[in-house]
Amino acid sequence: MSTNKDLVDYFIGEFYSGKLANLELLVTEDFMFKMAGFPKLNFKKFVKMANVTSNFVKLNIQEIVSADDLTFEMKYLLDVMIFKGGFDKEIYGDITVVVRDGLLDKILVTASRKVKNLEKYMLDD
């Protein structure tokens, strides 16, 4: 396993555990998170969005693959909790993670649809 793949695996694992704020040293200075249909987020705003949404979404990542050890592709399924309890809506798509100089540089996400519950946390403030 490569160092870059280890970095991506570790970052995603920390995302699951809600410890993203501790990972600032693992991202480039101009890190960007971009989900289709929403504004770009820097690392600070990405952490804020992830922390707020972690209470009502469950992220499921499939196998991470890379052809060049710099760009990593994966499919995801996001279960969104409804206010009546339980998970109801499913969003799926692709995530591309780009590593530059041994640091995470970009996370690009496509989504099958926009969900209002996510939209309020993804808007740039």
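**Exercise 1. Confidence and fold**

What is the mean pLDDT of the chain, and what share of its residues reach 70 or more? Determine also the order of the secondary-structure elements.

*Solution.* The model is predicted; local features need pLDDT of at least 70 and side-chain atom pairs count only at pLDDT 80 or more, while totals for chains, interfaces and linings use all residues. Residues are numbered from 1 along each chain as its sequence is written, and side-chain values use heavy atoms, with hydrogens and water left out.

Step 1. The chain has a mean pLDDT (the predictor's confidence in each residue, from 0 to 100) of 82, and 79% of its residues reach 70 or more.

Step 2. Confidence is highest in strand β5 (residues 103-109), with a mean of 96, and lowest in helix α3 (residues 116-122), with a mean of 53. Where pLDDT is low, predicted coordinates should not be read in detail.

Step 3. Helices (DSSP runs of H or I, at least four residues) and strands (runs of E, at least two) are numbered from the N terminus. Three helices and five strands are present, and along the sequence they follow the pattern α-β-α-β-β-β-β-α.

**Exercise 2. Positive phi angles**

Locate Asp-69 and Asp-101, and state for each whether the residue is buried, partly exposed or exposed.

*Solution.* Step 1. Asp-69 is not a glycine, yet has a positive phi of about 65°. Asp-69 is found in the loop between β2 (57-61) and β3 (71-81).

Step 2. Buried means under 20% relative accessible area, exposed over 50%, and partly exposed in between (1.4 Å probe, protein chains only). Asp-69 counts as partly exposed because its relative accessibility is 29%.

Step 3. Asp-101, in the loop between β4 (87-100) and β5, likewise has a positive phi, near 55°. With 72% relative accessibility, Asp-101 counts as exposed.

**Exercise 3. Aromatic pairs**

Classify the ring pairs Phe-11/Phe-46 and Phe-31/Phe-43, and identify the elements that they join.

*Solution.* Step 1. Rings of Phe, Tyr and Trp (its six-membered ring) pair if their centres lie within 6.5 Å; planes under 30 degrees apart are stacked, over 60 edge-to-face, and the rest tilted. The structure holds five such pairs.

Step 2. The rings of Phe-11 and Phe-46 have centres 6.3 Å apart and planes at 15°, so this pair is stacked. Phe-11 belongs to helix α1 (residues 3-17) and Phe-46 to helix α2 (residues 43-53), so the pair ties together parts 35 residues apart in sequence. Phe-11 is buried at 3% relative accessibility, and Phe-46 is buried at 2%.

Step 3. For Phe-31 and Phe-43, the ring centres are 5.6 Å apart and the planes lie at 85°, so the pair is edge-to-face. Phe-31 lies in strand β1 (residues 27-35) and Phe-43 in helix α2, so parts twelve residues apart in sequence are tied together. Both Phe-31 and Phe-43 are buried.

Step 4. Ring pairs link Phe-11, Phe-31, Phe-33, Phe-43 and Phe-46 into a cluster.

**Exercise 4. The nonpolar core**

Which residues touch the most other members of the largest nonpolar core?

*Solution.* Step 1. A nonpolar core is a set of buried Ala, Val, Leu, Ile, Met, Phe, Trp, Tyr and Cys residues joined through side-chain atoms within 4.5 Å.

Step 2. Among the 33 residues of the largest core, Phe-11, Phe-33, Phe-46 and Ile-107 touch the most other members. At least two residues of this core come from each of α1, β1, α2, β2, β3, β4 and β5.

Step 3. Beyond its neighbours within four places in sequence, Phe-46 has contacts (heavy atoms within 4.5 Å) with residues including Phe-15, Leu-20, Leu-41 and Ile-107.
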